[in-house]
Amino acid sequence: MNLNTGKQVLTISNLCATVAGKDILKGVDLEIRAGEVHAIMGPNGSGKSTLAQVLAGREDYEVTAGSVSFDGVDMLALRPEERARAGFFLGFQYPVEIPGVNNAYLLKAALNAKRKAANLPEVDAYEFLALIKAKMKFMQMDESFLSRGVNEGFSGGEKKRNEILQMLILEPKLAVLDETDSGLDIDALKVVAAGVNSLRGGEHAIILITHYQRLLDYIEPDRVHVFAGGRIQKSGDKSLALELEDRGYDWVRGDRVA
Amino acid sequence: MSSKSQDVEALLSQKYRHGFVTDIESDSLPPGLDEGVVTAISRIKQEPQFLLDWRLKAFRHWLTMREPAWATVRYTPIDYQDISYYSAPRAPADAPKSLEEVDPKLLATYEKLGIPLHERARLAGVAVDAVFDSVSVATTFKEKLAKAGVIFCSFSEAVRNHPELIERYLGTVVPAGDNFFAALNSAVFSDGSFVYVPAGVRCPMELSTYFRINAAKTGQFERTLIIAAEGASVSYLEGCTAPMRDENQLHAAVVELVALDDAKIKYSTVQNWYPGDENGVGGIFNFVTKRGECRGRNSKISWTQVETGSAITWKYPSCVLKGENSVGEFYSVAVANNHQQADTGTKMIHIGRNTKSTIVAKGISAGHASNTYRGQVKILPSASGARNFTQCDSLLMGKLCSAHTFPYVEVRNPGAVVEHEASTSKIGEDQLFYCLQRGVSAEDAVNMIVSGFCKSVFKELPMEFAVEAQNLLSVSLEGAVG
């Protein structure tokens, strides 16, 4: 694995953020190049999910210091939908249900919003159907998903598959998958991993946020970061994840937030 | 009497010119309400004695009543003496018999409202009984309907041509003294629509009336009566628009539906009256009594409404389920934005055996608006085997609006089954962010979420109405989030 040839996709420098006046991110530094897969691991409450939300532009979080450059652009200056159209994708830890809104409809609107922003022609219903059917087959999803409401009545595993399906359709430059492995049985985990691996490489960069080594058995990371106390405490290659599995987080834990 | 009618004639010749109001000479009674006014309305319309007596009885009853205060709406008191109770386009003697005879300015107003009456009627095969102010001026497709034996005409016409049907059915569902606003309507109603579908006839087309408020300061008191005889069926569409204006206008309509054995009536409304500006100034006060009676066995009455307009909406389309196995349905989307206040819902009164009712109510509040669902399910001891299913959901957009739900359930038969589901959700947080994160704009996301929320009601609307309703919703909620 050659780590240094890809284009720099994301550069986070000294990123600090608060939520409701409480410091959560305390100086995050991270660099990711095209084609790389990074894993961010760490204990509950360490700020991993906050990092994902801040990158996505969630309003409730206030960035108090630092910068984020995404594909050469100041990401923090963009609205959430602009970040998405520029190629940022967040796989939600808890994908929300939107009753009555058709899955395929939302996804087609999302794809076309992105294409429009890139001055590409919109895909029509037939092209889209062909595309989504192929990806669904790959994700081993039933075609009834097309006509169901967004995540409406989905099991935990179905929701996560749906997130990956969306990622495969939108082909983001950077995907942050927030605990996509949680709540999955082993078969679903393999399908989700296959989905992620199919996007891997080329110009796509991926960040996996996870508690467990298990996911990394199926998606081998190029880099592993240990997140604790609102920043990255330690970085290494995939062996770091195995070491964590053996020794727990305590040995890397810094000034953990209360 | 003759001197009195001369006075009226003199008064009627007054001309109104109010800014943007269409410059058609309106014949109006001066503001004020007493027995003389009630009598004058009846005389102008050359009504039979029974109807005048009925109006006067309603008026005397109204005098003893007080304006209801239980609804979750607030407004400055209405001065009932400051309202003109009659307004009609001029020269009713030579009323137009076809669209060609209609005042072109009137037609131009319809165009401005986006209602290409003639085209629409021809293309869609919809008969339109357009109510402009208080008197119907254009009726189409009457002949085709007449061939099927269906009577579809203005209320005044029905009074002239079918007085026996009026006498037999008027006020049998909503009695003259039913409530304050219904009593007022009964005393002073000016016009409206009448439908009679004879036994065994399936009405060959959707019947549609566009209501329109025009003359300034003229309260609207429409009266609609629809009767489906044994085995008959009819679908009726009611849609409303109103021009901008800055004075509150009172609208107190009454709609009565009667379904005999095996008859079906479907009544759909898209209501989009002027809701006032973003500060809540102006807008229509809409106090409506709508009730249907499933009088016969196996009859069915279904109400579907999309309420986006009016400053105040006070409206409870209801079903009285008298006939054995009869079915009542209520599907509603009520949107309140800015300073709008909506208090709406339904009543399902189960009297007959094995009667069934379904209520699906969706309330959307945005801005400073207040949206209340008020529903009653009443199961009388006689209603063995009765069933009701109620679902009411509220959607809040922003932090300043409110949603209230008041379900009243009264079950007096131990065998009845009543189910109630309710939810309140907030838009703008997780759902909105999810869509934004996928690259969808805030406006599109809101539209998507709202129409998803309303889907189960929209699917009850006739197709072209459903599309209109969806468009209306996105216009109504423009800028509500983001």
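Two strands pair if DSSP finds at least two bridges between them; strands (E, at least two residues) and helices (H or I, at least four) are DSSP runs, numbered from the N terminus. The model toured here is predicted: local features need pLDDT of at least 70, side-chain atom pairs count only at pLDDT 80 or more, and totals for chains, interfaces and linings use all residues. Residues are numbered from 1 along each chain as its sequence is written, while chains are lettered from A and ligands numbered from 1 in the order in which they are written.

**Stop 1: the whole of chain A**

Select chain A, which has eight helices and 12 strands. Its C-alpha atoms fill a box of roughly 55 × 40 × 40 Å along the principal axes. The radius of gyration, taken over C-alpha atoms, can be set against a globule rule of 2.2 Å times the number of residues to the power 0.38. For 258 residues a compact globule would come near 18 Å, and chain A agrees with its 18 Å. A residue is buried if 20 or more other C-beta atoms, placed from the backbone, lie within 10 Å of its own, exposed if 12 or fewer, and partly exposed in between. Buried residues make up 44% of chain A.

**Stop 2**

Next, select β1 (8–19) and β2 (22–33) of chain A. Nine bridges join these antiparallel strands, and A:Ala17 has A:Leu25 in β2(A) as its bridge partner. The two strands belong to an open sheet of four in the order β2-β1-β4-β5 (chain A), with antiparallel pairing. β2 and β5 (73–74) of chain A stand at the edges with a single partner strand each, so one side of each has no neighbour in the sheet.

A:Gly21 lies in the loop between β1 and β2 of chain A. Is A:Gly21 buried or exposed? It counts as exposed because it has 6 C-beta neighbours inside 10 Å.

**Stop 3**

Then display the open sheet of six strands, ordered β6-β9-β10-β3-β11-β12 (chain A), in which the pairing is mixed. Its edges are β6 (88–91) and β12 (231–236) of chain A; each has a single partner strand, so one side of each is left without a neighbour in the sheet. Inside this sheet, five bridges join β3 (residues 37–41) of chain A to β10 (residues 205–210) of chain A, and these strands run parallel. A:His38 stands opposite A:Ile207 in β10(A).

**Stop 4: where chain A meets chain B**

Two residues are in contact if their C-beta atoms, placed from the backbone, lie within 7 Å. Select the 20 residues of chain A that contact 17 residues of chain B. On the side of chain A that touches chain B, α2 (80–85), β7 (98–102) and α3 (103–117) of chain A each supply at least two residues. Which element gives the most to that side? It is α3(A), with five residues.

**Stop 5: chain B**

Finally, select chain B, with 12 helices and 23 strands. Buried residues account for 55% of its 482 residues. Among its contacts between residues at least 6 apart in sequence, 83% join residues at least 24 apart. Centre the view on B:Val234, which touches B:Val195, B:Val197, B:Cys203, B:Leu207, B:Ile226, B:Ala228 and B:Ile265, residues up to four places away in sequence not being counted.
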